[in-house]
Amino acid sequence: MTFEEAIQSLGAELGFEPESEGDAVSFEVAAAEDDDGFEFTISAAGDDMAVLCADVGELPAGERDAAMMEMLEANHLFAGTGGAAFSVEDGRVRLEKRVALHELGRGEGANVVKPFLALAAQWRARAAGAPA
């Protein structure tokens with residue numbers, strides 16, 4: 001299965017027409033009606049893998065060390081990340097997960113994407129100081 005086929009299958013399953021930009025497709029996701037939303041990207045990673053990436057936000061101003069420690073602890077054995085991992089890029093926290101293309105394109109891709117987005121929204125709320 002190609003990246004394009006997997007994305008088309010996922011789009012059909014979720015009811016939208018994805019527009020890829022080369023080897024990536026980006027979305028704006030809102031966790032609630034009053035949410036400004038956050039960036040979510042699916043990128044090709046080799047011939048048979050993809051990377052899900054969600055922008056969790058900036059580290060909280062006065063609590064950077066505590067927030068980084070919490071994320072590092074969540075990364076341990078992926079216990080608090082559902083198999084994903086945290087990273088930081090340009091001062092923004094990202095939650096990323098590698099998945100096989102067939103997992104996105106087998107008609108059950110929503111079972112991979114929706115829990116990942118829900119987890120990203122929870123961590124995003126934490127980063128903003130709201131209860132998750």
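Q: Before we start, which residues count as nonpolar, charged and polar?
A: Ala, Val, Leu, Ile, Met, Phe, Trp, Tyr, Cys and Pro count as nonpolar. Asp, Glu, Lys and Arg count as charged, and the others, Gly among them, as polar.

Q: OK, how do the residues lining the largest pocket divide up, then?
A: This is a predicted model. In it, the lining of the largest pocket has nine nonpolar residues, one polar and four charged.

Q: How many residues is that lining, and which ones lie nearest the centre?
A: There are 14 lining residues. Nearest the centre of the pocket are Pro60, Ala67, Glu70, Arg126 and Ala127.

Q: Which elements give two or more residues to it?
A: Strand 3, helix 2 and helix 4 do. The largest share is that of helix 2, with four residues.

Q: And how much space is in there?
A: About 170 Å³ for the largest pocket.

Q: How do you find empty space like that anyway?
A: A probe the size of a water molecule is rolled over the atoms, and that shows where empty space is left.

Q: Let's stay with helix 2. Where does Ala74 sit?
A: Ala74 belongs to helix 2, which covers residues 64-75.

Q: Buried or exposed?
A: Ala74 is buried, because its relative accessible area is 7% and the cut-off for buried is under 20%.

Q: What does Ala74 touch, if you skip residues up to four places away in sequence?
A: Ala79, Gly80, Thr81, Phe86 and Trp123.

Q: Where's Gly83?
A: Gly83 is in the loop between helix 2 and strand 4, the strand being residues 85-89. With a relative accessible area of 38%, Gly83 is partly exposed.

Q: What is Gly83 in contact with, leaving aside neighbours within four places in sequence?
A: Phe78 and Lys97. As for Val99, which is 16 residues from Gly83 along the chain, the two C-alpha atoms are separated by 9.7 Å.

Q: New topic: Asp55. Where is it, and is it buried or exposed?
A: Asp55 is part of strand 3, residues 49-58. Asp55 counts as buried because its relative accessibility is 11%.

Q: What does the side chain of Asp55 reach?
A: One thing is the backbone nitrogen of Gly57, at 3.1 Å. The Asp55 side chain also makes a polar contact with the side chain of Arg94, at 3.4 Å.

Q: Where is Arg94, and is it buried or exposed?
A: Arg94 is in strand 5. At 12% relative accessibility, Arg94 counts as buried.

Q: Last topic: how many residues are in the largest nonpolar core?
A: 33 residues. Those with the most contacts inside the core are Phe40, Ile42, Leu52, Phe86, Leu95, Leu104 and Phe116.

Q: Which elements supply at least two residues of this core?
A: The helices are helix 1 (3-14), helix 2, helix 3 (101-104) and helix 4 (110-127). The strands are strand 1 (24-29), strand 2 (38-44), strand 3 and strand 5 (92-100). The largest share, eight residues, is from helix 4.

Q: Pick Ile42. What does it touch, not counting residues up to four places away in sequence?
A: The residues touched by Ile42 include Phe3, Ile7 and Leu10, then Ala24, Val25 and Phe27. Ala50, Val51, Leu52 and Leu104 are also among them.

Technical notes. Residues numbered from 1 in each chain as written. Predicted model: local features only at pLDDT ≥ 70, side-chain atom pairs only at ≥ 80, totals over all residues. Heavy atoms only, no water. Buried < 20%, exposed > 50% of the residue type's maximum accessible area, 1.4 Å probe, protein only. Polar contact = N/O pair within 3.5 Å; in protein donor to acceptor, adjacent residues only side chain to side chain. Contact = heavy atoms within 4.5 Å. Core = buried A, V, L, I, M, F, W, Y, C linked by side-chain atoms within 4.5 Å. 1 Å grid on protein atoms, 1.4 Å probe; cavity = no way out; pocket = protein on both sides within 12 Å on 5 of 7 lines; lining within 4 Å. Points joined across faces, edges and corners; volume = space filled by probe spheres on them.
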